[in-house]
Amino acid sequence: HSLHSPFCSALMSQGTGETRVGTEMARVFSASAKEQPPSANGPQTTEQPRDYRIGYKTFQWIFIAFFTLVAVIDRFTLNMWPLWVDSPGPTIPGNFGVTCFALIAWISSRMMLVSSSYIFLFQCRIFWNWFVEREWVHRYLKIGDIHQSNNSIHYYVGIWLVGVPVVLHVWVILFAAALPQNDIYVYSSWMRPYDAVKGKSIAFYADNLLSLGINDVYRIVSTSLTFFVLIPYSIIKFTRDRNWTFAQYCHYTGALIYTVDLVRMTSHPHCWFFNVPFIFWWICDRLYGIFFYRRCVANVVRKVRLDDEYTVLYLRIPERLHQLHMIGDVFYINVVDCAFDRAHPFTVFQNHARGNAMINDEMHGVPDWSGHKFAVRRTRRDSASHTSIALSRLSSVVSALDVDVDAGDDDGDQQQDNNQVVVAKKAAAVDEEKDDADMADYDWNV
């Protein structure tokens, strides 16, 4: 597989034991300089210039913290956009339970106002692909795998700036009601009744009485279902390995419940102004990614079963898309007639030299390796043998292999004459050669 041929290779990703592949590309881009191998004359002594760029994740967290603090401080000071909702507080003398309810409600609502926009922004994959491919960005930011960074931020924002605040926001009223000095009353109407004297709905709290409508009870139930069941199930490694597609649908169902609750209330005009544009942005980004962005139909050339859990899948894609991708890119692939199956991310590798044969069953490297496999084949300067290296983030295992072809003499893991193979686990398939007439079609977005 050369840079000039319409071939590339996608590998089975860690997950379900099923063959699942999806619909957008997540660009793995590193702006930092790669380490150069030692020269033949000895180690390099040239001092590297200092890198004054700010880390991408640090940059994003600074702004998240800044906007969150501004929103919370505004609620307790200027309150530049007050709501018509009659909210007690922030302190109620002599009533500790309602004081806690008011303080937590004020803080958590402003936290969610900011974080609810960010959780959608960081999942706009096509936009961030475009962003990281701008050369000027890397003059100021140190960016590695931008989608891994965004997913990490999305994860922590989702837990600590959305999940925890919203659970406290809806449950703290029950804490106030549990104290003996307060009573609670649930009206049989969907919303709390209209108070003709005050010209608004009956307040949550008045004279040691907490008032709820059926809608308030529904929000407690829906929030609990989302953040105690659906979202945790969707992000736990065990459940994702059991059935990745089902876990994804649980995540989207929980996100849908939360989003609908966010925007359906007339008492949430802040959300319409600050959150809805990001929700709409995410919808457009996702639809463009699924149906238009770097999309093609790929043909299966060969499948090689490395062991019980690892399979390499060789695919043919159009030349125009082949020229775009880089080693280590993540492709979202799906079977054309996949019905409701969720797209799955796969990592690609590529053989740069035309003479290199496809990987074969003798090149297992370390069959019992428990983590992801990164097999790199290269020629030693002092030997005709090659080396297969299995790497994890923390350790490596090396075993010698004898092969027939010369893969060049570069020592870098991603130099152009190397064969790099990235294999993730749990993709059951059989070693299989396919004629053109028998090639299966896969829906592939680069």
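What follows is a working chat about side-chain contacts and the nonpolar core in a predicted model.

Reader: How many salt bridges does the count come to?

Author: The count comes to 6 salt bridges in this predicted model, and one of them joins the side chains of Arg 110 and Asp 74, with 2.9 Å from N to O.

Reader: Where in the chain do Arg 110 and Asp 74 sit?

Author: Arg 110 belongs to helix α2, which covers residues 96-121, while Asp 74 belongs to helix α1, covering residues 56-76, so that the pair links distant parts of the chain, 36 residues apart.

Reader: And are those two buried or exposed?

Author: Arg 110 is buried, because its relative accessible area is 7%, under the 20% limit, and Asp 74 also counts as buried, at 13% relative accessibility.

Reader: OK, which residue forms a salt bridge with Asp 51?

Author: That is Arg 53, and the closest N and O atoms of this salt bridge are 2.8 Å apart. Asp 51 is partly exposed, with a relative accessible area of 38%, whereas Arg 53 is buried, with a relative accessible area of 16%.

Reader: What about Asp 261, what does it form with Arg 264?

Author: Asp 261 and Arg 264 form a salt bridge in which the closest N and O atoms lie 2.8 Å apart. Here Asp 261 counts as buried, at 8% relative accessibility, and Arg 264 counts as partly exposed, at 29%.

Reader: Switching to rings, how many aromatic pairs does a search of the whole structure find?

Author: The search finds 27 aromatic pairs. Among them is the pair of Phe 66 and Phe 67, with 5.4 Å from centre to centre and 65 degrees between the planes.

Reader: Why does the pair of Phe 66 and Phe 67 count as edge-to-face?

Author: The angle between their planes is 65 degrees, and planes over 60 degrees apart count as edge-to-face, so the pair of Phe 66 and Phe 67 is given that description. As for accessibility, Phe 66 is partly exposed, with a relative accessible area of 46%, and Phe 67 is partly exposed too, at 37%.

Reader: Which residues form one aromatic cluster?

Author: One aromatic cluster is formed by Tyr 56, Tyr 118, Phe 122, Phe 127, Trp 128, Trp 130, Phe 131, Phe 278 and Trp 281.

Reader: Which ring does the charged end of Arg 75 sit over?

Author: The charged end of Arg 75 sits over the ring of Trp 106, at 3.6 Å from its centre, and elsewhere Arg 192 lies over the face of Phe 204, 4.0 Å from the ring centre.

Reader: Now the largest nonpolar core, how many residues has it?

Author: The largest nonpolar core has 34 residues, and those with the most contacts inside it are Tyr 56, Trp 128, Phe 131, Ile 143 and Tyr 258. Several helices each supply at least two residues of this core, including α1, α2, α4 (146-178) and α7 (244-263).

Reader: Which helix gives the most to this core?

Author: Helix α2 gives the most to this core, with 8 residues.

Reader: And what does Tyr 56 touch?

Author: Not counting residues up to four places away in sequence, Tyr 56 touches residues that include Phe 122, Trp 128, Phe 131, Ile 143 and Asn 150.

Reader: Last one, which side chain is joined to Ser 117 by a polar contact?

Author: The side chain of Asn 275 is joined to that of Ser 117 by a polar contact of 2.7 Å. Ser 117 is placed in helix α2 and counts as buried, at 7% relative accessibility. Leaving aside neighbours within four places in sequence, Ser 117 is in contact with Phe 274, Asn 275 and Phe 278.

Conventions. Residues are numbered from 1 along each chain as its sequence is written. This is a predicted model: local features need pLDDT of at least 70, side-chain atom pairs count only at pLDDT 80 or more; totals for chains, interfaces and linings use all residues. Side-chain values use heavy atoms; hydrogens and water are left out. A salt bridge is a side-chain nitrogen of Lys or Arg within 4 Å of a carboxyl oxygen of Asp or Glu. Buried means under 20% relative accessible area, exposed over 50%, partly exposed in between (1.4 Å probe, protein chains only). Helices (H or I, at least four residues) and strands (E, at least two) are DSSP runs, numbered from the N terminus. Rings of Phe, Tyr and Trp (its six-membered ring) pair if their centres lie within 6.5 Å; planes under 30 degrees apart count as stacked, over 60 as edge-to-face and the rest as tilted. A charge sits over a ring if NZ of Lys or CZ of Arg is within 6 Å of the ring centre and within 35 degrees of the ring normal. A polar contact is a pair of N or O atoms within 3.5 Å; within protein, one must be able to donate a hydrogen and the other to accept it, and residues adjacent in sequence count only if both atoms are side-chain atoms. Contact means heavy atoms within 4.5 Å. A nonpolar core is a set of buried Ala, Val, Leu, Ile, Met, Phe, Trp, Tyr and Cys residues joined through side-chain atoms within 4.5 Å.
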